[in-house]
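Student: Can we go through this complex together? I'd like to start with what you count as a contact.

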Amino acid sequence: MRPIWHQALRIGLIGGAAEVLLALIGMIEAFSQRDIISHIISMGHTLLLVVVLFIAYLAAKRTPRPEPLWVLMNSLISGLIVGSILALLVMVGGLINLRKVFINASPLLYKLLTFDQGMKAGISLLLGGGALSGLLAGLLSLAPKPYLRVLILSLGSVVGAGVLQDLLRPTFALWGPIAVMNEWLFTANGLTLHGAIGLFVLIAAFSYFWAQKGNAIRADLKRLPPASQRALRITSLLFLIIILLVLPQILGLFLSEVLTIVGLYVLLGLGLNIVVGFAGLLDLGYVAFFAIGAYTVAVLTSPELGFFNLSFWEALPFAIFMGVLSGVLLGVPVLKMRGDYLAIATLGFGEIIRILVLSDFLRPWLGGAQGIGKIPKASIGGIEFATPQQIYYLILAGCLLVGFIAWRLRDSRLGRAWMAVREDEDVAQAMGINLVSTKLLAFATGAAFSALSGAIFASKLGSVYPHSFNVMISINILCLIIVGGMGSIPGVLVGAFALVGLPELLREFAEYRLFVYGAALVAMMLLRPEGLWPEASRRRELHEGESIETESQPSSESEPH
Amino acid sequence: MLKRLRERFSPTDAVMWLIGAAILTLVIWGSTATLSQGRYTSHHWFDFIIFGLAQGSIYALIAMGYTMVYGTLRMINFAHSEVFMSGPYTAYYVAAAFYSSGFLDRQPIISLIIIFIVSMATSTLIAILLERIAYRPLRTAPRLVPLITAIGASFFLQYTFRGLYGSGFQAYPVVKILEGEWMLGEFRILKFQAVVIIAAALLMAALYSFIQRTRMGKAIRAVSEDKETSSLMGINIDRMIVTTFVIGGMAAGAAGVLYAVMFKQVHFFMGFIPGIKAFTAAVLGGIGNIPGAMLGGIFLGLVESVGPSLFLDGLGIAAPYQLKDAIAFIMLVLVLIFRPTGILGERLAIKKA
């Protein structure tokens, strides 16, 4: 039989490798420039600590025997191993110059890893710190679940406030009443100590209260008479609409810009959701329709080319029409392909469009690598949609319209036909569904939404370049609908915020954005493949055989199955 | 009679044939125009062909990894392009060290062999880790889930290597014995291109005979035919799947060094385009089909290097070389329309791909 500490050893080694990787790719060093709590702990050290704690917690949970002593021993061992691997890195780095190969193995990194205490003291600090954090994680794993959740939530909010300080501060400053909070909560770099403690206590108290009373409140709401329940729902809906309308004023310029980008991706996601999520046609060249929409508007409106000089609203129907047309044109040849062949053919189609736009051959008409500039802004009755705060309303209107159409389509006859095709083409055909028109309609609808998004994108930026339309966009959109939950309309929203909004907010760590993004995608697929806000039927399908969870999730409506 | 005809030819078929005929006419028209203009001599064409063969054999080696993994797991291993990148990028540091110490010039053969081994070992290691961490837990998941995982792993690996080695282009040291040219009758051929073609051909021959002749190769083919039955026959499925990743990784690592010899630079993003091309090649040849992947790769390389000048120059299109990727993808779409199973046909059991 394997010894009890076998798992702890393994997990500790994996954790150590992860920490060394984080150090060598320069993440620790880059994050250390920012303090979470001013002069007390930096983001880099927080990252180190979080990994150790997580690893040791995992080791504690995987202990084969439940006695607290064994659990604590295992978490201690894994924490110690993580610490000693880091110490090993410091020692090796002291002996040979790793920097010849690993450019981020700088003296500053070693200084950070040894907590600026010199080699010997630093190594013992690493070992001691690792063991101590391991022990701490072990103790936490023995604590009752609700308390642990409260603790993680409140610590998480402190760290989140520290990470997002540059966004929170200007946003608070816009609001008279909470502007005073800034002084109390933030310093120039990181939270103040009393601010951090205050925030921790506040969140902890609130989440503790919710953990105690939340279920009771929810049950009370359920017990209300139907009429007042309905009134409640309408009030909250109205409240939501008002919030959506005043949001850009609350958030300020930068966050509104982020919102517009997220909005464009929501439009794209809703379109691709119809093609991939509803009809099950894996399209990797979806960006082509986005490009076609943007370029149609650009060609029709830009005075730089001077062909037509239409206004945005005159050009918009053409853009959508071109999108639908190209959707059908792409759809016809790939009708008979299935699965991965379809994916690679559409990928090829997307690339063909980009390469054609980029080429010198079509330059007189499409502008080549320089793109097309001077695209006029959209305007209604003299009001121009120029700043992000104004464009937000344009995009919001687009999202609401498209969201409504997608929602109605899903429950329509056509929507059910799409889902039948997704589940099994042959059976669907046998049931009398016309595969050709069903699939072409899916391509056309998806392309129309994408072209609309492209048109708004062109008018928002004022110029279009072929480089904005590479295959990464298609992949990004695909990932966001899958992370959100395939075929789920609210999932698109969640996915867009998670995969587009969040990275946009953390722009200063742009170098590590895609690193974290990739790791998060893998982790997500391993741990929660159904997405963040899945369709009910899909969740059941993916967790087949497991006991049916009665998660009280605000999940989507009933499914036509 | 008319009814039968209508059953045979649906309107969508007609559209497809129309597109095909239009493209074929364009190709023939362009080629005759180019050839009658006589702007290129036979030396030019020879150069194009050799370059295409060299590029194509690199695609072919990478395509092996795609096609084998697709054969056994039915998934597009999107991260294979990063498996390809990791090898030569790591081996660059060995090559640079050899170069600065003068060992590369004194013992070029030995150093090249060591560079090859380092590159292949790194790529193989990455491929094994990928399979173990990212793909194995998802064997039974729906088809899209491993695809997304692969995309995520691809980002992760790209930016890991960017973080480790830096974001700039690294110039691969020049191997002196590979410079210069040989004469083949009246045609001259660049030495490194010839070496790339020969090395790739040898590797492919070795891989092919491994798959066809050995017991293990037979087991791999059995697994890609039918997993359940082969496991009943006493084949260890997990081991065979790892083996396909190992073989794919080795081929990709070797292809990486050849790529570095040919283009003389490495970069963390270098895998992306060759990766997509190689997958295209695998589909062209018929996915799951190993000789098909080789043939598809070489075919794609040739079309890319000869195509722009041959098809487009005669039509008076400016800078046809910019459109080489478009030609490759149009090629792919056409093959998929008219021969959906690829040139040599797919070797998959009759299931939905």
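Tutor: Two residues are in contact if their C-beta atoms, placed from the backbone, lie within 7 Å. By that rule, and leaving aside neighbours within four places in sequence, Gly263(A) is in contact with Ile395(A), Leu396(A) and Cys399(A). Keep in mind that this is a predicted model.

Student: Where does Gly263(A) sit in the chain A secondary structure?

Tutor: Gly263(A) belongs to helix 11 of chain A, residues 226–278.

Student: And is Gly263(A) buried or exposed?

Tutor: Gly263(A) is buried, because 25 other C-beta atoms lie within 10 Å and the cut-off for buried is 20 or more.

Student: Another one in chain A: what does Phe443(A) touch?

Tutor: Phe443(A) is part of helix 19 of chain A, residues 435–461. Not counting residues up to four places away in sequence, Phe443(A) touches Val275(A), Gly327(A), Val328(A), Leu330(A) and Gly331(A). Phe443(A) counts as buried because 26 C-beta neighbours fall inside 10 Å.

Student: How far apart are Phe443(A) and Val50(A)?

Tutor: C-alpha to C-alpha, 45 Å, and 393 residues apart in sequence.

Student: OK, zooming out. How is chain A divided?

Tutor: Domain 1 of chain A covers 1–142, domain 2 covers 145–223 and domain 3 covers 250–534. The C-alpha centres of domain 1 and domain 3 of chain A lie 42 Å apart.

Student: What about the secondary structure of chain A, and why call the chain compact?

Tutor: Chain A has 23 helices and four strands. Its radius of gyration is 27 Å, close to the 24 Å that the globule rule gives for 561 residues, so chain A is as compact as a globular protein of that length. Along the principal axes, its C-alpha atoms fill a box of roughly 75 × 55 × 55 Å. Of the 561 residues in chain A, 46% are buried. Among contacts in chain A with a separation of 6 or more, 75% are between residues 24 or more positions apart.

Student: How many residues are in contact between the two chains?

Tutor: 46 residues of chain B are in contact with 45 residues of chain A. On the chain B side, helix 2 (11–37), helix 7 (144–165), helix 12 (272–285) and helix 14 (324–338) each supply at least two residues. The largest share, 15 residues, comes from helix 7 of chain B.

Student: How do the residues on that side of chain B divide by type?

Tutor: They divide into 34 nonpolar, nine polar and three charged.

Student: Back to chain A. What does helix 22 pack against?

Tutor: Its buried residues pack against helix 2 (27–31), helix 20 (471–484) and helix 21 (489–505) of chain A, together with helix 6 (108–135) and helix 7 of chain B. Those buried residues include Tyr512(A), Phe515(A) and Tyr517(A). Helix 22 of chain A runs over residues 510–527 and reaches 26 Å from its first C-alpha to its last, close to the 26 Å expected.

Student: And helix 2 of chain B, what span should that have?

Tutor: At 1.5 Å a residue, the 27 residues of helix 2 of chain B should span 39 Å, and the end C-alpha atoms are 39 Å apart, which agrees. Just after helix 2 of chain B, Gly38(B) takes a positive phi of about 65 degrees.

Student: Last topic, confidence. Where is the pLDDT below 50 in chain A?

Tutor: Chain A has a mean pLDDT of 81, with 94% of its residues at 70 or more. The pLDDT is below 50 over residues 547–561 of chain A. Where pLDDT is low, the predicted coordinates should not be read in detail.

Student: And chain B, and the complex?

Tutor: Chain B averages a pLDDT of 83, and 94% of the residues score at least 70. Over residues 349–353 of chain B the pLDDT is below 50. For the complex, the predictor gives an ipTM of 0.81 and a pTM of 0.84.

How values were computed. Residues numbered from 1 in each chain as written. Chains lettered and ligands numbered in written order. Predicted model: local features only at pLDDT ≥ 70, side-chain atom pairs only at ≥ 80, totals over all residues. Domains from an automatic or database assignment. Buried ≥ 20, exposed ≤ 12 C-beta atoms within 10 Å, placed from the backbone. Nonpolar A, V, L, I, M, F, W, Y, C, P; charged D, E, K, R; others polar. Rg over C-alpha atoms; globule rule 2.2 N^0.38 Å. pLDDT = per-residue confidence, 0-100. Expected span 1.5 Å × (residues − 1).
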